[in-house]
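Here is a friendly walk through a two-part model, written for someone who likes to know the cut-offs behind each term. Please have the viewer open as you read.

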Amino acid sequence: MTVLEINGLCKSFGGLQASQSVTLTVPQGGITSLIGPNGAGKTTLFALITGFHTPDSGSVRFLGEDITGLPPEAIAKRGMIRTFQTVQPFAGQTVRENIAVGAHLKIRGRAEALAKAEAVARQVGLGDRLDMDAASLTVAGRKRLEVARALATDPKLILFDEVLAGLNPSEIRDVIPVIHAIRDEGVTILLIEHVMQAVMSLSDYTWVLNQGAIIAEGPPKDVVSDPHVIEAYLGKGMAERIAKREAASA
Amino acid sequence: MKTDTKLLMLIVVFGLIALAPLLITQESLLNIVIMTLYAALLGQAWNILGGYGGQVSFGHAAYFGTGAYTVAVLQVQFGINPWIGLAAGGLAAAAVGAFIGLCTFRYGLRGSYFALVTLAFAEVLRILSNSVDFTGAGVGLLIPLERSAANFQFLTKAGFFWVIWAMTLAAFLTVWKIGNSRFGAQLMAVRDNEDAARALGVNAFRVKMGAIMLSGFFSGLAGVFYAQYFLYLDPYIAYGAAISVESLLVPIIGGMGTLFGPLLGAAFLHGLSELSRAVIGDAPGISLVLYGVLLVIMVLFVPRGLAGLASHLRSGKRAVSQAEGGNDRA
């Protein structure tokens, strides 16, 4: 069953076509990734899917329902939550209070929401920083907080926008099991990622975006050897040169 | 501070304030307490929208004046009892809040744009009340003297004290509840980061509408009280900038977005203005000069207000003791 179905999504800002008839699907369960060089339009696509931008044309279907053009809060209520690439903590509030805002989406009572926040914080490894001001967290801590707030809403689909960017290798090794655990609970994940090591080890299926259009799709291992993808990342002619060099060394 | 501790503190503080009419026999001293509570009510009303919601308003006179004019017009023109006018004034002010909210939040006005529009609304209302007949236009409205509790005109200051005490307590309890509810959590989330809040399913528009209506309601109550206490209104008193300034000065000095900030701010401001009157005498405008100087000092050096200063000192001590603990382990 498909959770998310995007069909012919277009968006332009002035003369810039940020999204050119993008079509992609995300199956239920598992981790799907979206990769592409800088400026490919990945974050714009997330913003279009989650209602922060309105598409010029095309449709977004979530769990069979057409949600194109709905405001972000309405989409969040249906169970699709995004995180932000540049982390957006509620500064001045504690970690517990930050996560509780997410928990309040489904929970009315304050005490229950705070209890849920505490449980989620432990799950993502923030259990020891519950009463810290969110503004004083490290970058790695803030990334975890983004994950925790999203998770506290009890989502069906989470869109992670570069949760691993800016982390050092050992921090990445710590966060990857957290993402696996979320998937194992039955939450579907779509992630934008630059860290290729993470894409390879995390995702089951990958979509590649370049200049606002999908240029390749498939299992990550196949996608990274696709000549179109190599050229999108490294420049025109690179695929050929790499192939030649490999042939020569073989 | 835990929320139960805050509630306990609130009850203790208002319990202590309640002793004032029993201990203070001098009417002029009781007047200071009444005006301090009134300022705390005005400031707490602003604090709901500005402190907890992050929507800084320069035009809270719009709600204050609407409450005041509602009770006065109902009495003078229609002979309706001011106790009914009290409820009507609060609701009318909340309705004005809803209208301003619809005109601004609907179109995503934030920050200084929102502040300017609120200022404009208060000015429009001032000019309107200055030109229509039923508000008495520029002459103002004099509420006929008819001293009785049933008429919301008490024989002694103690009667007025209990009314403003109860209204202010109601406002503070409401704000305590805001700090301890889903609505409050969502309101503060919108204040700190509207996009992140919306991404988590918070309906920012609805939350801000709730805040502006609550804020308007309590501001309107303060207006009703003012009208009944002084029995005279004109457009400059009701919708003038002075009320808007006092509304925001009290919580900014006391501490925006804190429960006790408006009470601290009100006590500090009234203490200061009494002191200045005693020292400098009643030179016209001197208190406004002082307020201006104070605002600059607070914004520059104590941006989190008196309440923020207190919690800063407390957490500073805690950090020091934690650091010492860390050293012990090392």
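## Conventions

This is a predicted model, in which local features need pLDDT of at least 70, side-chain atom pairs count only at pLDDT 80 or more, and totals for chains, interfaces and linings use all residues. Residues are numbered from 1 along each chain as its sequence is written, while chains are lettered from A and ligands numbered from 1 in the order in which they are written.

Helices (H or I, at least four residues) and strands (E, at least two) are DSSP runs, numbered from the N terminus.

## The strands of chain A

Let us begin with the open sheet. In chain A, 6 strands with mixed pairing follow the order β6-β7-β8-β3-β9-β10; two strands pair if DSSP finds at least two bridges between them. At the edges are β6 and β10 (213-218) of chain A, each pairing on one side only. On average, neighbouring strands of this sheet are turned by 15° against each other, direction ignored. Such axes are lines fitted to C-alpha atoms, for helices over the stretch in contact, with angles running from 0 to 180 degrees between N-to-C directions.

Within this sheet, β3 (residues 31-35) and β8 (residues 188-192) of chain A pair in the parallel sense over 4 bridges. A:Ser33 has A:Leu191 of β8(A) as its bridge partner. Elsewhere in chain A, β1 (residues 2-13) and β2 (residues 16-27) pair in the antiparallel sense over 8 bridges, with A:Ser12 opposite A:Gln17 of β2(A). The hairpin of β1(A) and β2(A) has 2 residues between the strands, and A:Gly14 takes a positive phi near 60° there. β1(A) also pairs with β4 (residues 57-62) of chain A, again antiparallel, over 5 bridges. In that pairing A:Glu5 stands opposite A:Arg61 in β4(A).

## Two covered helices of chain A

Helix α1 (residues 42-49) of chain A lies across β3, β6, β7 (157-161), β8 and β9 (205-210) of chain A, and runs at about 150° to β7(A). Among the buried residues of α1(A) are A:Leu45, A:Phe46 and A:Leu48. Just after α1(A), A:Gly51 takes a positive phi of about 90°.

In α3(A), 9 of 9 residues are buried, including A:Arg96, A:Glu97 and A:Ile99. These buried residues pack against α4 and α5 (139-151) of chain A, together with α8 (182-192) and α9 (194-199) of chain B.

## Where the chains meet

How many residues of chain A are in contact with chain B? There are 24, and they touch 18 residues of chain B; contact means that the C-beta atoms of two residues, placed from the backbone, lie within 7 Å. On the side of chain A that touches chain B, α2 (72-77), β6 (80-82), α3 (95-103) and α4 (110-123) each supply at least two residues.

That side of chain A divides into 10 nonpolar, 7 polar and 7 charged residues. Here Ala, Val, Leu, Ile, Met, Phe, Trp, Tyr, Cys and Pro count as nonpolar, Asp, Glu, Lys and Arg as charged, and the others, Gly among them, as polar.

## A helix pair in chain B

Helices α3 (residues 27-52) and α10 (residues 204-230) of chain B pack at an angle of about 165°, their axes 8 Å apart. α3(B) and α10(B) are therefore roughly antiparallel (angles under 35 degrees count as roughly parallel, over 145 as roughly antiparallel, 65 to 115 as roughly perpendicular and the rest as oblique).

Among the residues that meet are B:Leu41, B:Trp46 and B:Tyr52 in α3(B), and B:Ile212, B:Phe218 and B:Phe225 in α10(B). The residues of this contact divide into 15 nonpolar, 3 polar and no charged.

Most residues other than glycine have a negative phi. A:Leu63 has a positive phi of about 50° although it is not a glycine; A:Leu63 sits in the loop between β4 and β5 (65-66) of chain A. A:Leu63 is partly exposed, because 16 other C-beta atoms lie within 10 Å.

A:Glu162, in the loop between β7 and α6 (169-184) of chain A, has a positive phi near 50°. Is A:Glu162 buried or exposed? With 21 other C-beta atoms within 10 Å, A:Glu162 is buried.

Conventions
Buried ≥ 20, exposed ≤ 12 C-beta atoms within 10 Å, placed from the backbone.
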